[in-house]
Amino acid sequence: MIPTPDLSHLTSRDFDKVYEPAEDTFLLLDALEQDEKTIQAKKPTLCLEIGSGSGCVTTMLAKIVGASNAVFFTTDINSYACQVTQRTGRHNNVLSIESIQTSLVESLLPRFSQAIDILCFNPPYAVTPPEEVGSHGIEAAWAGGIDGRQVIDELLPFVPVSFFFQLLSPQGVFYLLLINENRPTEVANIMCTQYGMQAEIMMERRAGREKQYILKIQRSS
């Protein structure tokens, strides 16, 4: 069992500015741990987390892959989250995290076209008025617009390996967290029918009134 990354270096003041790990974070961590052997067998060299917040997920992924075996890039629109992600990595002896302040993957293409072996995204999934989407502060961690899908739908076209200037390497895997309001089955169908990817719900869990899912997306075999 891989221990959850140590976040004892962070305080309530930090969590006033970045998303504090919660049930959704831990579901994503559990999905990565469940796929530990599969991830290691792929021998990933380039990993990316979109919207890294505290850096907890990328630090966990580095523990699975081996911190010296790959480079771990993260993006976040919140500049403070980028700093905190780096601090979390260092606090857990992971020195191979590169944090970039950008919206989704805006600054990464075409440089990382078809290069990402492991992609993780715990998106802003809460149903909110559309005008709340796009903040550069902590609100960016949860404001998802109509059906909580505004940011999610913006990212999906950048994932498939069959499109030019897309993110995933031929062996790449994308772990996407969704809630029931995001209509995860519909997202899976979009990835399959529009983009020719294989998509399945690999894990689900209820957190209070919320039902959370991990959608695993990869190239069709």
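T75 stands opposite I100 in strand β3. The pairing of β2 with β3 (residues 97-101) is parallel and comprises 5 bridges; strands count as paired if DSSP finds at least two bridges between them. From β2 the chain passes through helix α5 (residues 79-91) to β3, and this β-α-β crossover is right-handed. The term right-handed applies if, with the strands pointing away from the viewer, the path from the first strand over the helix to the second runs clockwise. Helices (H or I, at least four residues) and strands (E, at least two) are DSSP runs, numbered from the N terminus.

The model is predicted: local features need pLDDT of at least 70 and side-chain atom pairs count only at pLDDT 80 or more, whereas totals for chains, interfaces and linings use all residues. Residues are numbered from 1 along each chain as its sequence is written, and side-chain values use heavy atoms, with hydrogens and water left out.

Helix α4 is largely enclosed by the rest of the structure, because 9 of its 10 residues are buried. Buried means under 20% relative accessible area, exposed over 50%, and partly exposed in between (1.4 Å probe, protein chains only). The buried residues of α4 are C56, V57, T58, T59, M60, L61, A62, I64 and V65. G66 follows the helix and has a positive phi near 105 degrees.

P5, in the segment before α1 (12-15), is also buried, with a relative accessible area of 8%. Although P5 and M60 are 55 residues apart in sequence, their C-alpha atoms are 6.1 Å apart in space.

**Backbone geometry**

Most residues other than glycine have a negative phi, and most peptide bonds are trans.

The peptide bond from L109 to P110 is cis, with omega near 5 degrees. P110 belongs to the loop between β3 and β4 (116-121).

**Cysteines**

How many disulfides are there? With a disulfide taken as a pair of cysteine sulfur atoms within 2.5 Å, the count is 0. For C56, the nearest cysteine sulfur is that of C120, 11 Å away; C56 is buried at 1% relative accessibility. The nearest cysteine sulfur to that of C82 also belongs to C120, at 16 Å, and C82 is buried at 8% relative accessibility.

**The largest pocket**

The largest pocket holds about 680 Å³ of space. It is lined by 46 residues, of which N122, P123, P124, A140 and A141 are the closest to its centre. On a 1 Å grid over the protein atoms alone, a pocket is an open set of points where a 1.4 Å probe fits, with protein on both sides within 12 Å along at least five of seven lines; lining residues have an atom within 4 Å of a point. Grid points are joined across faces, edges and corners, and the volume is the space filled by probe spheres set on the points.

Elements giving two or more residues to this lining are α2 (23-34), β1 (46-50), α4 (56-65), β2 (71-76), α6 (150-155) and β7 (210-219). Helix α2 gives the most, with 3 residues. By class, the lining has 23 nonpolar, 15 polar and 8 charged residues. Here Ala, Val, Leu, Ile, Met, Phe, Trp, Tyr, Cys and Pro count as nonpolar, Asp, Glu, Lys and Arg as charged, and the others, Gly among them, as polar.
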